[in-house]
Amino acid sequence: MIASFAPPLPKCLRPSSASSIAAAADARRRLPGARASASPSSSPAASSSLSYGRRRRRRPQNVDGDFFVDTTCIDCDTCRWMAPQIFTRVDEMSAVFKQPADKEERLKALQALISCPTSSIHTEKPAPDVLVAHETFPIPIDEQKLLGVYHCGYHSEKSYGASSYLIVHAEGNILIDSPRYTERLARKIEMLGGARSMFLTHKDDVADHKKWRERLGCDRIMHSEDLEDSTAEIEIRLEGRGPWNLGRDIELIHTPGHTEGSVCLLYKPLEVIFTGDHLIMTPTGLSIMERYNKCSVTAQLNSVEKLVDLDFRWIVPGHGRRIEFKSSLEKDLVLKEFVQQKSGKPAYI
Ligand SMILES: [Zn+2]
């Protein structure tokens, strides 16, 4: 099993229930003005690092050099999984532990800088090549094994830095959860065919869904149990327990627990499931992030069991690293063992 991991940290919610698709039809303060360097938000060009430095304090935990993380880091882990050769966790925040040594490492660092939900990563010197990094989004996850599946980048603080994804699909592209809205990313998604749907795994990771709907005209899909004021007008509500089909080869699986209306998206041809905050991988193994559960841990574990008999090898979560299992069978064994350990239940066949 190829895992990955990191301590993610969504802020979430409460217990649940979960067939048919009943259709109905930048985050916390971003630095205004000049910035000394590359910055995730808009213009990458340089400017006064002195005035900039007054507003953004370089953490002393960073090694000396161009890239640094400032004191506004929210410890969302994004930079650490996107560029693990550059960023690490020190004193409950990210920090640069090694400056990029070559072009490839610099690109990774710039992609992390662009994706940081709180614009907490910077360079001391002007970084015109951040424009090149912007052009790499959305980033293909694995061009061999997951063809047509992209990481959107541009994480939003509104969803605590959750990842969002794009599936390029013959029946219409699908955005999975909402990236931070940027016109630059919208244009890139348009170049890939736009988006027919925006599937929202649960209520925590909806971020700029309205802007994406307005810009791309995508129909938003979400379970009715997770609707709130900001999502009351979404186009497609999932009712009941599912599963629901989205086209001919995508299945939506109700996995209540983290929230009442948490739903995973299974893309059958590529054996990949998008789990939102339902199931992730941490340094010590799989996790359901009990700490952030506002629904029911018992229900969430029951929902993990629901994934055992599904055919997939990849887990692509809303936070942290992806997991690739050698086979669906290996995945089944790992999930069974996980549920057993967490719940004290005997392993079942
Ligand atoms: Zn959540």
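Predicted model: local features only at pLDDT ≥ 70, side-chain atom pairs only at ≥ 80, totals over all residues.
Q: Which element supplies the largest share of the lining of the largest pocket?
A: The largest pocket, with a volume of about 240 Å³, has a lining that includes Trp 81, Lys 108, Ile 139, Pro 140 and Ile 141. Helix 2 (78-82), helix 3 (103-115) and strand 6 (139-142) each contribute at least two residues to this lining. The largest share, 3 residues, comes from strand 6.

Q: Between which domains does the largest pocket lie, and why?
A: The residues that line the largest pocket include Met 82 and Gln 111, as well as His 151 and Arg 322, and by class the lining divides into 6 nonpolar, 3 polar and 2 charged residues. Because both domains give residues to this lining, the pocket lies between domain 1 (49-133) and domain 2 (138-343).

Q: How many charged residues are in the lining of the largest cavity?
A: The largest cavity holds about 90 Å³ of space and is lined by 14 residues, with Cys 73, Cys 76, Cys 79, Ser 94 and Cys 116 lying nearest its centre. Divided by class, this lining has 8 nonpolar and 4 polar residues, and the number of charged residues is 2.

Q: Which strands stand at the edges of the open sheet of 6 strands?
A: The strands of this sheet follow the order 13-14-15-16-19-20, with mixed pairing. Two of them have a single partner strand each, so one side of each is left without a neighbour in the sheet, and these edge strands are strand 13 (244-245) and strand 20 (323-324).

Q: Which residue in strand 20 is the bridge partner of Ile 315?
A: Strand 19 (residues 314-317) and strand 20 run antiparallel and are joined by 2 bridges. In strand 20, the residue that partners Ile 315 is Ile 323.

Q: Which element gives the most residues to the largest nonpolar core?
A: This core has 38 residues, of which Phe 87, Ile 121 and Leu 175 touch the most other members. The elements that give two or more residues to this core are strand 2 (67-69), helix 2, helix 3, helix 4 (130-134), helix 5 (183-191) and helix 6 (209-216). The element that gives the most, with 5 residues, is helix 3.

How values were computed:
Residues numbered from 1 in each chain as written. Heavy atoms only, no water. 1 Å grid on protein atoms, 1.4 Å probe; cavity = no way out; pocket = protein on both sides within 12 Å on 5 of 7 lines; lining within 4 Å. Points joined across faces, edges and corners; volume = space filled by probe spheres on them. Helix = DSSP H or I, 4+ residues; strand = E, 2+ residues; numbered from the N terminus. Nonpolar A, V, L, I, M, F, W, Y, C, P; charged D, E, K, R; others polar. Domains from an automatic or database assignment. Pairing = 2+ DSSP bridges. Core = buried A, V, L, I, M, F, W, Y, C linked by side-chain atoms within 4.5 Å. Buried < 20%, exposed > 50% of the residue type's maximum accessible area, 1.4 Å probe, protein only.
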